Amino acid sequence: MAHPQEDTLIARQITPTPVRLLVLDVLQHHPAALSLADVELLLGYADRITVHRTLKIFTEKGLVHRIEDGSGAVKFALCEPGCTPEHHQDFHVHFFCTRCRETSCLSTVAVPVIALPGAYQVQETSLVMKGLCENCASAG
Ligand SMILES: [Zn+2]
Ligand SMILES: [Zn+2]
């Protein structure tokens, strides 16, 4: 029996387990990035270590990416289909809403390449913009 969420995991060399499928389901059905605590809350699942491990595996396998939005908690969001463990393609801008405190992936907005002086070697760049998200801005 084909199960699209199992296929999503298998495509990233992740063995489907009930918890992994539940975590994937939560991520797929929530438009904003989620912290470990958010995922636990939405799952109603108490085993923090298993959820943490699941998100770690998802990150290592290129299924989700980590976002440090300055809120103090690392957040996780699903990667774009082209991401692989070795090569994440989602170098997009993230947006943190100061009103609803949700962090969104702006998948169509690429992080610009910034030239640095001298011998600096960049390993990663992240760009988090802050302000009002679409929902909050239109709410006035
Ligand atoms: Zn908002
Ligand atoms: Zn993102």
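Helices and strands in these legends are DSSP runs, numbered from the N terminus. The structure shown is a predicted model.

**View 1. Arg101 in the loop between S4 and S5.**
Arg101 sits in the loop that runs between S4 and S5. The phi angle of Arg101 is near 60°, a positive value in a residue other than glycine. Most residues other than glycine have a negative phi. Cys100 belongs to the loop between strand S4 (92-97) and strand S5 (103-110). With a relative accessibility of 34%, Cys100 counts as partly exposed.

**View 2. The zinc ion (ligand 1) and its four cysteines.**
Cys97, Cys100, Cys133 and Cys136 coordinate the zinc ion (ligand 1), each through SG, at 2.3 Å. The angles among the 4 donor atoms run from 104 to 116°, and the site is tetrahedral. Along the chain, the donors of this zinc ion (ligand 1) follow the spacing C-x2-C-x32-C-x2-C. Cys100 lies in the loop between strands S4 and S5 and Cys136 in helix H5 (residues 134-138), so this pair ties together parts that are 36 residues apart in sequence. Cys136 counts as buried, at 10% relative accessibility, whereas Cys100 counts as partly exposed, at 34%.

The zinc ion (ligand 2) is coordinated by NE2 of His65, His92 and His94 and by SG of Cys105, at 2.0 to 2.3 Å. This site is tetrahedral, with angles of 101 to 115° among its 4 donor atoms. The spacing of the donors along the chain is H-x26-H-x1-H-x10-C. His92 is in strand S4 and Cys105 is in strand S5, so the two tie together parts that are 13 residues apart in sequence. Cys105 has a relative accessibility of 22% and counts as partly exposed.

His94 is part of strand S4. Its relative accessible area is 6%, and His94 is therefore buried, the cut-off for that term being under 20%. The side chain of His94 makes polar contacts with the side chain of His65, at 3.2 Å, and with the side chain of His92, at 3.1 Å. Not counting residues up to four places away in sequence, His94 touches His65, Ile67, Thr103, Ser104, Cys105, Leu127, Val128 and Met129.

**View 3. His92 and its surroundings.**
His92 is also found in strand S4. With a relative accessible area of 5%, His92 is buried. A polar contact of 3.2 Å joins its side chain to that of His65, and one of 3.1 Å joins the side chains of His92 and His94. Leaving aside neighbours within four places in sequence, the residues in contact with His92 are His65, Glu80, Cys105, Leu106, Ser107, Val109, Ala110 and Val111.

**View 4. The second largest pocket.**
The second largest pocket holds about 230 Å³ of space. Its lining consists of Pro31, Ala32, Phe95, Cys100, Glu102, Ser104, Leu106, Cys133, Glu134 and Asn135. S5 and H5 are the elements that give two or more residues to this lining. Cys100 and Cys133, which belong to the lining, are also donors to the zinc ion (ligand 1).

**View 5. Asn135 in helix H5.**
Asn135 is placed in helix H5 and is one of the residues lining the second largest pocket. At 62% relative accessibility, Asn135 counts as exposed. Asn135 and Phe58 are 77 residues apart along the chain, and their C-alpha atoms are separated by 29 Å.

**View 6. Gly62 in the loop between H4 and S2.**
Gly62 lies in the loop between helix H4 (48-60) and strand S2 (64-68). Gly62 is buried, with a relative accessible area of 0%. From Gly62 to Cys79 the distance is 6.8 Å, C-alpha to C-alpha, and the two are 17 residues apart in sequence.

**View 7. Gln13 in the loop between H1 and H2.**
Gln13 is located in the loop between helix H1 (4-11) and helix H2 (18-28). Its relative accessible area is 61%, and Gln13 is exposed. The phi angle of Gln13 is near 55°, which is a positive value in a residue other than glycine.

Terms used:
Residues are numbered from 1 along each chain as its sequence is written. Chains are lettered from A and ligands numbered from 1 in the order in which they are written. This is a predicted model: local features need pLDDT of at least 70, side-chain atom pairs count only at pLDDT 80 or more; totals for chains, interfaces and linings use all residues. Side-chain values use heavy atoms; hydrogens and water are left out. Donors are N, O and S atoms within 2.8 Å of the metal (3.2 Å for Na, K and Ca); water is not among the atoms, so sites may look incomplete. Four donors count as tetrahedral if all angles lie between 85 and 135 degrees; four count as square planar and six as octahedral if opposite donors are over 155 degrees apart and all others between 65 and 115; anything else is irregular. Helices (H or I, at least four residues) and strands (E, at least two) are DSSP runs, numbered from the N terminus. Buried means under 20% relative accessible area, exposed over 50%, partly exposed in between (1.4 Å probe, protein chains only). A polar contact is a pair of N or O atoms within 3.5 Å; within protein, one must be able to donate a hydrogen and the other to accept it, and residues adjacent in sequence count only if both atoms are side-chain atoms. Contact means heavy atoms within 4.5 Å. On a 1 Å grid over the protein atoms alone, a cavity is a set of points where a 1.4 Å probe fits but cannot get out, and a pocket is an open set with protein on both sides within 12 Å along at least five of seven lines; lining residues have an atom within 4 Å of a point. Grid points are joined across faces, edges and corners, and a volume is the space filled by probe spheres set on the points.
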